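Colleague: I would like to go through the terms used for this model and hear what each one rests on. Please take them one at a time.

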Amino acid sequence: MAALRVKANAKINLYLAVTGKRPNGYHDLVTVMQSVSLADTLSVERVGGEGISLDTGGVLPADDSNLVCRAAKAYFAKSGMPFGVCVKLEKQIPMQAGMGGGSADAAAMLRALNELDGRRFTEAELCEIAAGIGADVPFCVVGGTRLCRGIGEVMEPIENRLRGTLVVAIGGEGVSTPVAFGELDRKYRNFQEGGESAPDHLLPILAAMRSGILTEAKPHFYNMFEEVIQPIRPVVGEIKETMCDYGASAAMMSGSGPSVWGIFADASDAERAKAALLAAGHRAYVCEMVEEI
């Protein structure tokens, strides 16, 4: 059987607020996640025996610290019928950039195993497995545009009529998710009662997305992490400024950063912005929002 090739689409956050912290250390979120065309690729082949052989080209570890391996173990633990797989991971999504690359890879692995296993599990059941792997993995299983709550596992599809070309750029060092949450915990006093609260732009951004009018959406794109990441990664502000200089209708950090996305009504402006960001030494990509993965 030929290897099954599965795309692992990156995500951006159009809205992201942390609303609380649980006793187990996990944070409650309200976020609007959007799949984009920038993607990794997994080639997955069923082989004899049991277990996973993972080739990352030396870019990432190929042991249990890799979410692809953890996804395979979680899938087989649920199915109770393990089989052998040989996996090649081709990376395009920047690492430690707030674009869910590891989560996307794990989700793609779950979808690939389910396909090779005769579609044993429903999408909802795959999402249950995914929730035990990481907060963003359930979204990456289904993709599109979703309003996500809890730690990211409570999802509902939402209408997004916004159109435009995206530029995603990353400059400097990545930011680990634990470090980013730690910065928020310090600023918001561990999200205990009496602490500072974030502004609530959720209903306005949902209305603007339904209308498809970028000018209405611009004031309501929001990412709470910007408040704590931009001071320690000033390149975030520099990239946002460059994008706006080249005609971005809006620009904002994605996830826990330091990636920044900008949305452009004119595709040629997006290409010019990408060229300027590359010339400044940043990594930059042009991509689109996608509704099906």
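Colleague: Which exposed residues does the face of H3 turned away from its buried side carry?

Modeller: That face carries Ala124 and Glu128. Bear in mind that this is a predicted model. Exposed here stands for over 50% relative accessible area.

Colleague: What makes one side of H3 the buried side?

Modeller: Helix H3 spans residues 123-131, and its buried residues are Leu126, Cys127, Ile129 and Ala130. They cover an arc of only 160 degrees around the axis, so they lie on the same side of H3. Against these buried residues pack helix H1 (67-79), helix H2 (101-116), helix H4 (137-142) and strand S6 (154-157).

Colleague: H1 and H2 come up there. At what angle do H1 and H2 pack, and how far apart are their axes?

Modeller: The angle is about 35 degrees, and the axes are 8 Å apart. The crossing is right-handed. From H1 the contact takes in Leu67, Val68, Ala71, Ala72, Tyr75 and Phe76, while H2 supplies Gly102, Ser103, Asp105, Ala106, Met109, Leu110, Leu113 and Asn114. Sorted by class, these are ten nonpolar, three polar and one charged residues.

Colleague: Why is Asp105 called buried?

Modeller: The relative accessible area of Asp105 is 2%. The cut-off for buried is under 20%, so a residue at 2% qualifies. Asp105 sits in helix H2. Beyond its neighbours within four places in sequence, Asp105 is in contact with Ala8, Asp40, Leu42, Val68, Leu89 and Lys91.

Colleague: Why is Val179 called partly exposed?

Modeller: Val179 has a relative accessible area of 42%. Val179 belongs to helix H5.

Colleague: Which residues of H5 are buried, and what covers them?

Modeller: In H5, residues 177-187, the buried ones are Ala180, Phe181, Gly182, Leu184 and Asp185. Their cover includes strand S1 (4-21), strand S2 (27-47) and helix H8 (226-229).

Colleague: What is phi like in Arg189, which follows H5?

Modeller: Phi of Arg189 is positive, near 50 degrees. Asn190, in the loop between H5 and helix H6 (202-211), also has a positive phi, about 60 degrees, although it is not a glycine. Asn190 has 34% relative accessibility, which lies between 20% and 50%, and therefore counts as partly exposed. Gln96 is another residue other than glycine with a positive phi, near 50 degrees. Its place is in the loop between strand S4 (84-90) and H2.

Colleague: What kind of peptide bond joins Gly257 and Pro258?

Modeller: The bond is cis, with omega about 5 degrees. Pro258 is in the loop between strand S9 (250-253) and strand S10 (260-264).

Colleague: How many residues has the largest nonpolar core, and which have the most contacts inside it?

Modeller: That core has 100 residues, and those with the most contacts inside it are Met109, Leu110 and Met243. Not counting residues up to four places away in sequence, Met243 touches Val167, Val168, Ala169, Ala248, Ala251, Val260, Trp261, Gly262, Phe264 and Leu277. In soluble globular proteins, nonpolar side chains tend to be buried together.

Conventions: Residues are numbered from 1 along each chain as its sequence is written. This is a predicted model: local features need pLDDT of at least 70, side-chain atom pairs count only at pLDDT 80 or more; totals for chains, interfaces and linings use all residues. Side-chain values use heavy atoms; hydrogens and water are left out. A nonpolar core is a set of buried Ala, Val, Leu, Ile, Met, Phe, Trp, Tyr and Cys residues joined through side-chain atoms within 4.5 Å. Buried means under 20% relative accessible area, exposed over 50%, partly exposed in between (1.4 Å probe, protein chains only). Contact means heavy atoms within 4.5 Å. Helices (H or I, at least four residues) and strands (E, at least two) are DSSP runs, numbered from the N terminus. The arc is that of the directions from the helix axis to the C-beta atoms. Axes are lines fitted to C-alpha atoms, for helices over the stretch in contact, and angles run from 0 to 180 degrees between N-to-C directions. A crossing is left-handed if the near helix is turned anticlockwise from the far one by less than a right angle, and right-handed if clockwise. Ala, Val, Leu, Ile, Met, Phe, Trp, Tyr, Cys and Pro count as nonpolar, Asp, Glu, Lys and Arg as charged, and the others, Gly among them, as polar.
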